[in-house]
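Let's walk through this fold together, one question at a time. Keep the viewer open and follow along.

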Amino acid sequence: MAKLLANRIALVTGASRGIGFATALALAKAGAHIVATARTQGGLEELDDEIRKEGGSATLVPLNLTDSDGIARLGAGLHERYGKLDILVGNAGVLGPSSPVGHIELKTFNDVMAVNVSANFQLIRCMEPLLKQSDAGRAVFITSGAANKATAYVSPYAASKAALETLARAWAQETANTKLRVNLFNPGPVRTRMRATLMPGEDPATLDVPEQVAEFIVPMCAPDWTETGKFYDYKTRSLMSFRSPA
């Protein structure tokens, strides 16, 4: 029986741990060849080991996503090697400081925006031509409830995710008449290092693990997924449309 994502090329950012690691592995199990990026070489090698155990394959790309030229080179390399990209999972993100807005340094704010927003903007610029070469290009960006809740004391993170959502939604509208589908995924509280940093007193045993979350991302990457410009909320297991403020 053919696997759901057989012969498809999937780029996953922030793939060395957490949701990115789990999603890359789940996509590989479904048959995709994984192009995995992260800053941590060791984490990428661990991912490669797990993918190989499942009979899959991966290309490891150590890359800091603040390196815009590096993203452009990655796009050129994918074009030269495959001529297309079928799946983009924009997962990489940083939490930034937990502090009142007025106490945050400008550089610190800009550092969060660079990873969570500008890097995804560059990914869109460089990967869109490749995704349009696919018979069913799929892009999924990992967001957060902080975006619409405007969560106190994590303003750079909340603002960056709100910006990412708007960027992805605008791209979805621009590509609505193409074969490309663009969506957002909100995992909610998950047992990750980022969550532990934000909520150090929380019992991690009360949270779902990244592997559970990843199983819901995989269908959004499949050729038979037809929705675009939507928001999947993992906590409620529901696909939502964005609505204008009342």
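Q: Which residues touch the most other members of the largest nonpolar core?
A: Before we look inside, note that this is a predicted model, where local features need pLDDT of at least 70 and side-chain atom pairs count only at pLDDT 80 or more, while totals for chains, interfaces and linings use all residues. Residues are numbered from 1 along each chain as its sequence is written, and side-chain values use heavy atoms, with hydrogens and water left out. A nonpolar core here is a set of buried Ala, Val, Leu, Ile, Met, Phe, Trp, Tyr and Cys residues joined through side-chain atoms within 4.5 Å, where buried means under 20% relative accessible area, exposed over 50% and partly exposed in between (1.4 Å probe, protein chains only). The largest such core has 36 residues, and those touching the most other members are Leu5, Leu27, Ile34, Leu47, Phe185 and Ile217.

Q: Which element gives the largest share of this core?
A: Helices (H or I, at least four residues) and strands (E, at least two) are DSSP runs, numbered from the N terminus. Those giving two or more residues to the core include strand S1 (9-13), helix H2 (41-53) and helix H8 (210-217). The largest share is eight residues, and it comes from H1.

Q: How many residues are in the other core that lies apart from this one?
A: Look for Val35, Ile124, Met127 and Trp171, which are among the members of that other core. In soluble globular proteins, nonpolar side chains tend to be buried together. The core that lies apart has 29 residues.

Q: Which residue's side chain makes a polar contact with the side chain of threonine 59?
A: Threonine 59 sits in strand S3 (residues 58-62). Leaving out residues up to four places away in sequence, threonine 59 touches His33, Ile34, Val35, Ala36, Arg81 and Tyr82, contact being heavy atoms within 4.5 Å. At 2.8 Å, the partner is histidine 33.

Q: How far apart are the closest N and O atoms in the salt bridge of arginine 52 with aspartate 48?
A: A salt bridge is a side-chain nitrogen of Lys or Arg within 4 Å of a carboxyl oxygen of Asp or Glu. Arginine 52 and aspartate 48 are four residues apart in helix H2, so about one helical turn separates them. Arginine 52 is exposed at 56% relative accessibility, whereas aspartate 48 is buried at 11%. Their closest N and O atoms are apart by 2.9 Å.

Q: Which residue meets aspartate 67 in a salt bridge?
A: Aspartate 67 is partly exposed, with a relative accessible area of 29%. The N to O distance is 3.4 Å, and the partner is arginine 73.

Q: In which helix do glutamate 128 and lysine 132 both lie?
A: The side chains of these two residues meet in a salt bridge at 3.8 Å, N to O. Glutamate 128 is partly exposed at 22%, and lysine 132 is partly exposed at 43%. They are four residues apart, about one turn, in helix H4.

Q: How many disulfides are there?
A: A disulfide is a pair of cysteine sulfur atoms within 2.5 Å. The sulfur of cysteine 126 is 20 Å from the closest cysteine sulfur, in cysteine 221, which is too far for a bond. Cysteine 126 is buried at 18% relative accessibility, and cysteine 221 is buried at 0%. The count of disulfides is zero.

Q: What kind of aromatic pair do phenylalanine 185 and tyrosine 234 form?
A: Rings of Phe, Tyr and Trp (its six-membered ring) pair if their centres lie within 6.5 Å; planes under 30 degrees apart count as stacked, over 60 as edge-to-face and the rest as tilted. Phenylalanine 185 lies in strand S6 (residues 181-186) and tyrosine 234 in the loop between S7 and S8, so the pair ties together parts that are 49 residues apart in sequence. Both residues are buried. With centres 6.5 Å apart and 40° between the planes, the pair is tilted.

Notes. Polar contact = N/O pair within 3.5 Å; in protein donor to acceptor, adjacent residues only side chain to side chain.
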